[in-house]
Amino acid sequence: MDSLIIQADLDALEPVSQFVISAASLAELDETSSYKLRQAVDEIVTNIVEHGYAEASEPGVIGLQARIEPEALVIEIEDWGLPFDLRKVKAPDLKAAMHERGIGGLGIYLALMNVDHILYERVNDCNRNQLIMKRAKVTDRVA
């Protein structure tokens, strides 16, 4: 399927959003799943822009690929910033008062909760996140 390469800049969030919406539509995701996936990708790309390339001397690059599988839509996000496995971020204490919570982590937590599965690997100085959103069964989509 399609791919997208962007500069690691917050101005690129709109094309990223359109990319995910288009992939979700082609994969026939329902509206809720499409929204959740878009929010998760947006959070991860924002994190890469704001933190992954924070120490870089040049603007970074982020690559996205969409792959429709029989049972799921997979959005793969690659960057060459600092190593970061978002699955290891400690979940925020949602029962604590706002002023008692530490800064950060809520967006990543929501991204993790919004998709069915996230895979991460670091290969040749590249962070690779795969966000997996299950599709409705073919019989459910045809009805």
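1. A term to start with: two strands pair if DSSP finds at least two bridges between them. Helices (H or I, at least four residues) and strands (E, at least two) are DSSP runs, numbered from the N terminus. Please keep in mind that this is a predicted model, in which local features need pLDDT of at least 70, side-chain atom pairs count only at pLDDT 80 or more, and totals for chains, interfaces and linings use all residues. Residues are numbered from 1 along each chain as its sequence is written, and side-chain values use heavy atoms, without hydrogens and water.

2. The overall plan: the chain has four helices and five strands, in the order β-α-α-β-β-α-β-β-α from the N terminus. Of its 143 residues, 40% are buried (under 20% relative accessible area, with exposed over 50% and partly exposed in between; 1.4 Å probe, protein chains only).

3. Strand 5 (126–134) deserves a look. Strand 3 pairs with strand 5 in the antiparallel sense over eight bridges, and A72 has K134 of strand 5 as its bridge partner. Strand 4 also pairs with strand 5, again antiparallel, over seven bridges; here E121 is bridged to R128. Eight of the nine residues of strand 5 are buried.

4. In soluble globular proteins, nonpolar side chains tend to be buried together.

5. What does L64 contact, leaving aside its neighbours within four places in sequence? With contact meaning heavy atoms within 4.5 Å, the partners of L64 include L4, I6, V16, F19, V41, I75 and I77. Across the chain, residues 24 or more positions apart account for 65% of the contacts with a separation of 6 or more.

6. Last, some backbone angles to check. E28 is not a glycine, yet has a positive phi of about 60 degrees; E28 lies in the loop between helix 1 (13–26) and helix 2 (31–52) and is partly exposed, at 45% relative accessible area. D125, also a residue other than glycine, has a positive phi near 65 degrees. D125 is exposed, at 55%, and sits in the loop between strand 4 (117–123) and strand 5. In the hairpin of these strands, with two residues between them, N124 takes a positive phi near 50 degrees.
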